[in-house]
Amino acid sequence: MRAYVLPKDSRSLDQLRIVERPAPVPGPGQVAIRVRAASLNYRDLLIATGRYFNWPTPRELVPLSDGAGEVAAVGEGVTRFKVGDRVAGCFAQADPRGPASGPELPTGSPLDGVLAETIVLHADGVVAIPPSYSFEEAACLPCAGVTAWNALFGTGKPLRAGETVLALGTGGVSVWATQLAAAAGARVIVTSSSDAKLARARALGAAEGINYRTTPDWDEAVMRLTEGRGVDCVIEVGGAGTLSHSFRSISPGGKIALIGVLAGQAAEAVEVQALRFRRGSLHGILVGDRPMFEALVRAVEENAIRPVIDRVFDFEQARAAYDHLASGDFMGKIVISL
Ligand SMILES: NC(=O)c1ccc[n+]([C@@H]2O[C@H](COP(=O)([O-])OP(=O)(O)OC[C@H]3O[C@@H](n4cnc5c(N)ncnc54)[C@H](OP(=O)(O)O)[C@@H]3O)[C@@H](O)[C@H]2O)c1
């Protein structure tokens, strides 16, 4: 079978290459999945270029955490799945080289990822995909979708109908959060560097859009749009560079789901007073667990929510898919079809 690999201590996308390997065989409790689609997350770009928390790739590694496909074989003792089932792997998995009950680690680094024609996972780390979804659509769920679900409903105060959500940017996590929050009856405000993307976000259910390039003090715009009250939940994918604005955007008792680092991992100063005065809460989010993934699958199926796929690349074009992610000239998810 063919697989993409990054070398140990990968520093550049130029180091991504295709190799031929024997197809892995499932051991007891494991399933082999014929991967049909994979999607990229911002994290994958950081990993390939050696910028992921300054944690270099620990060894030659199959990249990408998010994929979907068909069960091709099951190992001894597997009862949850059978050959032919349509599935996706969870973002975090038990280390296949350790005990099944061991701590879960992220796929795509330090565990091998999904950009391979066949992968083997423990059956406990696998979820049935929404029946109406294509493999390309299902590949958008494991990291970005589950993270958005966790931020809105899993960690801290769960979102309620009638509340207001602020989603920063129009990348994978934020577009999922926009769609899920709108479906839950929330009012969604989206920020973006692009007016065209804001128009598309409105078509997906956002009530308002703010261009953070032309309106650098976007927290003031948030306050105007909420008549001085602020939002109940911020999907904070910017990190250090946006956190002060997010603190100033929340309502009394509002929640900030701290997810990403698109605007920097460290800042000279973050204005913490605004969070304190508003008695707000700040929650670190780390994707989510299998029950959250399963709840998300039910929610998207029940509410007919489909992921926003910007572009699908062929397996041979994986490098171009990474380059498209790096360009920032996309909205939602970038997918590779296998
Ligand atoms: N903690 C977790 O569990 C978890 C899970 C998933 C992702 N993450 C992190 O969350 C972040 C988002 O991930 P992703 O995969 O959704 O990224 P992505 O798809 O690559 O998102 C890119 C988009 O983010 C927006 N953006 C960039 N800089 C921004 C800024 N300064 N302010 C507001 N928006 C900005 C841009 O939107 P516009 O083009 O509209 O301006 C850009 O197109 C990343 O840092 C990622 O590592 C963390």
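Domain bounds here come from an automatic or database domain assignment. The model is predicted.

**Exercise 1. Find which domains make up the chain, and describe how they meet.**

Step 1. Take the bounds. The assignment gives domain 1 (2–140 + 307–337) and domain 2 (144–284).

Step 2. Look at the contact. Domain 1 puts in 9 residues, and domain 2 puts in 13 residues.

Step 3. Sort the side of domain 1 that touches domain 2. By class it has 6 nonpolar, 2 polar and 1 charged residues.

Step 4. Check the spacing. The C-alpha centres of domain 1 and domain 2 are 28 Å apart.

**Exercise 2. Locate the ligand relative to the domains, and describe its shell.**

Step 1. Start with the count. The ligand is surrounded by 32 residues. The closest are Gly-169, Gly-171, Ser-192, Ser-193 and Gly-260.

Step 2. Assign residues to domains. Domain 1 (2–140 + 307–337) and domain 2 (144–284) both contribute to the shell, so the ligand shell lies between them.

Step 3. At least two shell residues come from each of helix H1 (42–48), helix H3 (141–154), helix H4 (172–183) and strand E11 (187–192). H3 gives the largest share, 3 residues.

Step 4. Classify the shell. It holds 15 nonpolar, 15 polar and 2 charged residues.

**Exercise 3. Trace the largest nonpolar core, then follow one of its members.**

Step 1. Size the core. It has 99 residues. Those touching the most other members are Leu-115, Ala-148, Leu-152, Val-165, Ala-177 and Ile-235.

Step 2. Find the main supplier. H3 gives the largest share of this core, 9 residues.

Step 3. Check the domains. Domain 1 (2–140 + 307–337) and domain 2 (144–284) each supply at least three residues to this core.

Step 4. Follow Ala-148. Setting aside neighbours within four places in sequence, Ala-148 contacts Val-173, Trp-176, Ala-177, Leu-180 and Ile-235.

**Exercise 4. Decide whether Ala-201 is buried or exposed, and list its contacts.**

Step 1. Ala-201 sits in helix H5 (residues 195–203).

Step 2. Apply the cut-off. A residue is buried if 20 or more other C-beta atoms lie within 10 Å of its own. Ala-201 has 30 C-beta neighbours inside 10 Å, so Ala-201 counts as buried.

Step 3. List the partners. Beyond neighbours within four places in sequence, Ala-201 is in contact with Thr-170, Thr-178, Val-190, Ser-192, Ala-206 and Gly-209. One of these, Ser-192, is also among the residues closest to the ligand.

Step 4. Ala-201 and Leu-275 are 74 residues apart in sequence. Their C-alpha atoms are 27 Å apart in space.

Terms used
Residues numbered from 1 in each chain as written. Predicted model: local features only at pLDDT ≥ 70, side-chain atom pairs only at ≥ 80, totals over all residues. Near = placed C-beta within 6 Å. Helix = DSSP H or I, 4+ residues; strand = E, 2+ residues; numbered from the N terminus. Nonpolar A, V, L, I, M, F, W, Y, C, P; charged D, E, K, R; others polar. Core = buried A, V, L, I, M, F, W, Y, C linked by C-beta atoms within 7 Å. Buried ≥ 20, exposed ≤ 12 C-beta atoms within 10 Å, placed from the backbone. Contact = placed C-beta atoms within 7 Å.
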